[in-house]
Structure formats: C-alpha cells, structure tokens
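Please look through the sequence and the model shown below before reading on.

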Amino acid sequence: MSRSPAGESEGAGGDQSGDPAGILARLRYPIVAFLVLLFLVTGWLGREPTMTKGMDELTYLSLSRSLQSGSYRDFSMASAP
C-alpha cells in the first residue's frame, strides 16, 4: 500500500477550479496578451499622422502614383510638365 506524500491532496490532478490562485495562474497568459494588445492599439491610435499638409510626403506620394501609371507628371505643381 502506497501513501501519498504529506501535503498532496487526494484529488491532485491539476483541478484548480475553485482556487483563486489557480484561476489567476490559468488566466495569466490571456491577461498578458490582452494587456500587450491594449498597449499596441493605444500606441497605434495615439501616433502622429504621417500624411499632413505641411510635409512633402503628399508630393512624393502623388509623384509615385504618377510614375506607377507610366507617366512623369507632377500633379502637385501646376507648372510641371
């Protein structure tokens, strides 16, 4: 007849359904994943917009679309060929 070591319960098999520490241990990775996702979404929404009126990115964007269509027409400058 073998006896279980002291401190080990009869129903030990990973059943931690009623233990608050067991619930926290089971939900550790989903909580961390949610917090990382929340951090990334908040950072993405709070970022500085890249295409603004004062910068020349829109000029290069319109020129790249013109080159992509097969012509070299700079639409941002009225006097451009």
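Which element gives the most residues to the nonpolar patch? Helix α2 does, with four residues.

This is a predicted model, in which local features need pLDDT of at least 70 and side-chain atom pairs count only at pLDDT 80 or more, while totals for chains, interfaces and linings use all residues. Residues are numbered from 1 along each chain as its sequence is written, and side-chain values use heavy atoms, leaving out hydrogens and water.

The protein contains three helices and zero strands, in the order α-α-α along the sequence. Helices (H or I, at least four residues) and strands (E, at least two) are DSSP runs, numbered from the N terminus.

| α1 | 20-26 |
| α2 | 28-45 |

The protein averages a pLDDT (the predictor's confidence in each residue, from 0 to 100) of 75, and 62% of the residues score at least 70. Confidence is highest in α2, at a mean of 94, and lowest in α3, at 80. Where pLDDT is low, the predicted coordinates should not be read in detail.

Of the 81 residues, 6% are buried, where buried means under 20% relative accessible area, exposed over 50% and partly exposed in between (1.4 Å probe, protein chains only). The protein exposes about 7500 Å², and carbon and sulfur atoms supply 63% of that area.

The nonpolar patch on the surface consists of Ile 23, Leu 24, Leu 27, Ile 31, Phe 34, Leu 35 and Leu 38, with about 640 Å² of accessible area together. Both α1 and α2 give two or more residues to the patch. Leu 27 lies in the loop between α1 and α2; this residue counts as partly exposed because its relative accessibility is 38%.

Just after α3, Gly 70 takes a positive phi of about 105°.

Technical notes
Areas by Shrake-Rupley, 256 points an atom, 1.4 Å probe, with all protein chains shown as cover. Patch = residues over 30% accessible without salt bridge, like charges linked within 9 Å, V, L, I, M, F, W, Y side chains within 5 Å. Salt bridge = Lys/Arg side-chain N within 4 Å of Asp/Glu carboxyl O.
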